[in-house]
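Please work through the exercises below with the structure in view.

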Amino acid sequence: MALGFGLLYRPLVKPALLASFGWVLVVWWFGEAFGMLFMDMAQPLTGAPGAVLLYALIGLVAWPNGRRGGLLGIRGAKTMWAALWLVMAWLWLLAPSSSANATRDALTATDPGIGWLSSVQSHLASAAAGNGLVIALVLAAASAAIGIAVAADWRPRVFLALAIALNVVYWVLAQAFGGIFAGGATDPNAGLLFILLAYAMYPIVSDRRTPSAAASAAAEVS
């Protein structure tokens, strides 16, 4: 709560962001076990690489220093985005996400606490049974395309919109709104944070075609 109120009061924004980075390290390490990246259990569909890490990435991009990309700058923010989505693509190809019934199991692993959503999950899980590898290959390709296209400024708005759409699906169907309506949630899970990160990336790419933005980007690179 202190971090949240600090972010709402302009003179305390930077101290609150700095404190949040420390909070991220502690919670991602001890609470999320680094998103289970080193335990052969991480699945993009269910929240890898961990929601808490995304708080830090958003904070770096949103840092109020008067330049697009915050502390990372334009190039750094795009590089971070590409790295994040390429990691997601890689995770899709690993056994926890690409085995025959990986998607089916992910869809049935979370209790949403909402009747209609449980029914939708059940129907989708039945359809996904045995098709985990195909689903993983398609979503790995989509993840790699999202990362590379935005970093390369090739139709970046389109691919940011695709990133948002994918994570809406992940957050609703597989992450079940983070389990908030089931009464056992500890956080909103990663889908919502991916959406927020994509939104934070929009100002970095959206006005690049204007002369002033092009000049600013060229000055930063030089």
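**Exercise 1.** What is the volume of the largest pocket, and which residues lie nearest its centre?

*Solution.* The structure is a predicted model. Step one concerns size: the volume of the largest pocket is about 690 Å³. Step two concerns the lining, to which 27 residues belong; L7, L17, I58, G59 and A62 are the ones nearest the centre. Step three assigns the lining to elements: two or more residues come from each of α1 (2-8), α2 (13-31), α3 (51-62) and α10 (190-205). Step four sorts the lining by class, which gives 17 nonpolar, seven polar and three charged residues.

**Exercise 2.** Determine how α3 and α4 are oriented relative to each other, and describe their contact.

*Solution.* Begin with the geometry. Helix α4 covers residues 73-93, and it packs against α3 at an angle of about 160°, the two axes being 10 Å apart. Next, apply the cut-off: angles over 145 degrees count as roughly antiparallel. The helices α3 and α4 are therefore roughly antiparallel. The handedness of their crossing is left-handed. Finally, identify the residues in contact: α3 contributes L54, L57 and V61, while α4 contributes A77, M80 and L84. Sorted by class, this contact has six nonpolar residues, with no polar and no charged ones.

**Exercise 3.** Carry out the corresponding analysis for α3 and α10.

*Solution.* The angle between α3 and α10 is about 15°, and their axes are 9 Å apart. Because angles under 35 degrees count as roughly parallel, α3 is roughly parallel to α10. The crossing of this pair is left-handed. On the α3 side the contact is made by A51, L54, Y55, L57, I58 and V61; on the α10 side it is made by A190, L193, F194, L196, L197, A200 and I204.

**Exercise 4.** Which two residues are joined by a cis peptide bond, and what is the phi of F34?

*Solution.* Second, examine the peptide bond between A48 and P49, which is cis, with omega about 5°. P49 belongs to the loop between α2 and α3. Third, examine F34, a residue other than glycine whose phi is positive, near 55°. F34 is likewise located in the loop between α2 and α3.

Methods. Residues numbered from 1 in each chain as written. Predicted model: local features only at pLDDT ≥ 70, side-chain atom pairs only at ≥ 80, totals over all residues. Heavy atoms only, no water. 1 Å grid on protein atoms, 1.4 Å probe; cavity = no way out; pocket = protein on both sides within 12 Å on 5 of 7 lines; lining within 4 Å. Points joined across faces, edges and corners; volume = space filled by probe spheres on them. Helix = DSSP H or I, 4+ residues; strand = E, 2+ residues; numbered from the N terminus. Nonpolar A, V, L, I, M, F, W, Y, C, P; charged D, E, K, R; others polar. Axes fitted to C-alpha atoms, helices over the stretch in contact; angles between N-to-C directions. Parallel < 35°, antiparallel > 145°, perpendicular 65-115°, else oblique. Left-handed = near helix turned anticlockwise from the far one by under 90°. Contact = heavy atoms within 4.5 Å.
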